[in-house]
Amino acid sequence: MENSQGESEKWLRNLMDEYGGRLTNLAYSYLKDWGKAQEVVQDVFFTCYSQYAKIEEIQSLEAWTYRITINRCKDVLKSSWIKRVTVNNNLFAFLKSTTVSPEAAVIARDENTMLVKKVLELPVKYREVIHLFYYEELSVAEISALLKININTIKTRLKRGRELLGVNLERGETSVG
């Protein structure tokens, strides 16, 4: 029994090392909150660990972990917590901390900050395919299988997502502040 537990813990550590950052970024693309994204990923890894006995049945670890992460994010988005935060977000805008989090510092240094911001403003159905296609470099077929959505729907969402992104970027660049 000890050996099995040791193997499962080693497997989990490897899984966390390989997918932790990507899953957190994926969760953040849905939730727009680093803390909640990290909580979701911790929950995903707990689920993975509890399903270790079924590891032989899993065809693709990457697709499996992405699917669990996406489902958990959608659960959080449906929860009352996110509704309260979204509704009350403007009320607390003036309370922003003057201390920059490590994640925010990394994003601030990123030359694509504007693009990332505009991607995060897209509706979820476009944001998820844009993220999976461009940031995770999954093919349209892989995204279709992962999300269990028709390939043509994925193509349409990518096209509309890019169009919306273009419009949003144009507006962002031409606005006078």
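Reply: Let's start with a term: a nonpolar surface patch joins side chains of Val, Leu, Ile, Met, Phe, Trp or Tyr that lie within 5 Å, taken from residues with over 30% relative accessible area and no salt bridge. Keep in mind that what you see above is a predicted model.

Me: Okay, which residues make a nonpolar surface patch here?

Reply: Leu115, Tyr134 and Tyr135 do, and their patch covers about 270 Å². Take Tyr134, which sits in helix α7. Its relative accessible area is 39%, so Tyr134 is partly exposed.

Me: And the nonpolar core, how do I read that? Which residues touch the most other members?

Reply: The general idea is that in soluble globular proteins, nonpolar side chains tend to be buried together. In this model the largest nonpolar core has 41 residues, and Leu132, Leu147 and Ile154 touch the most other members. The elements giving two or more residues to this core are α1 (2-31), α2 (34-50), α3 (61-78), α6 (113-121), α7 (124-135), α8 (140-147) and α9 (151-174). Helix α1 provides the largest share, with ten residues.

Me: Let's zoom in on Ile154, then. What does Ile154 touch?

Reply: If you skip residues up to four places away in sequence, Ile154 touches Val129, Val140, Ile143, Ser144, Leu147 and Ile149.

Me: How do I read the faces of a helix? Which residues of α8 are buried?

Reply: Start with the geometry: an α-helix has 3.6 residues a turn, so residues three or four places apart point the same way. In α8 the buried residues are Val140, Ile143, Ser144, Leu146 and Leu147. Look down the axis of α8 and these buried residues fall within an arc of 165 degrees, so they line one face of the helix. Just after α8, check Lys148, which takes a positive phi of about 60 degrees.

Me: Next, charges! How many salt bridges does a search of the whole structure find?

Reply: Side chains of opposite charge can pair when their charged atoms come close. Here, the search turns up seven salt bridges. One of them pairs Glu39 with Lys36, with the closest N and O atoms 3.3 Å apart. Both lie in helix α2, three residues apart, or about one turn of the helix. Glu39 has 44% relative accessibility, so Glu39 counts as partly exposed.

Me: What about Lys118 and Glu121, how do their side chains meet?

Reply: They form a salt bridge at 3.5 Å, N to O. Both are in helix α6, three residues apart, about one turn. Lys118 is at 10% relative accessibility, so Lys118 counts as buried, whereas Glu121 is at 40% and is partly exposed.

Me: Which salt bridge links distant parts of the chain?

Reply: Look at Glu128 and Arg157, whose closest N and O atoms are 3.7 Å apart. Glu128 is in helix α7 and Arg157 in helix α9, 29 residues apart. Both residues are buried. Salt bridges with shared partners also join Lys74, Glu128 and Arg157 into one network.

Notes: Residues are numbered from 1 along each chain as its sequence is written. This is a predicted model: local features need pLDDT of at least 70, side-chain atom pairs count only at pLDDT 80 or more; totals for chains, interfaces and linings use all residues. Side-chain values use heavy atoms; hydrogens and water are left out. A nonpolar core is a set of buried Ala, Val, Leu, Ile, Met, Phe, Trp, Tyr and Cys residues joined through side-chain atoms within 4.5 Å. Buried means under 20% relative accessible area, exposed over 50%, partly exposed in between (1.4 Å probe, protein chains only). Helices (H or I, at least four residues) and strands (E, at least two) are DSSP runs, numbered from the N terminus. Contact means heavy atoms within 4.5 Å. Patches are made of residues with over 30% relative accessible area and no salt bridge: like charges are joined within 9 Å, nonpolar side chains (Val, Leu, Ile, Met, Phe, Trp, Tyr) within 5 Å. Accessible areas come from the Shrake-Rupley method with a 1.4 Å probe; for residues, only the protein chains shown count as cover. A salt bridge is a side-chain nitrogen of Lys or Arg within 4 Å of a carboxyl oxygen of Asp or Glu. The arc is that of the directions from the helix axis to the C-beta atoms.
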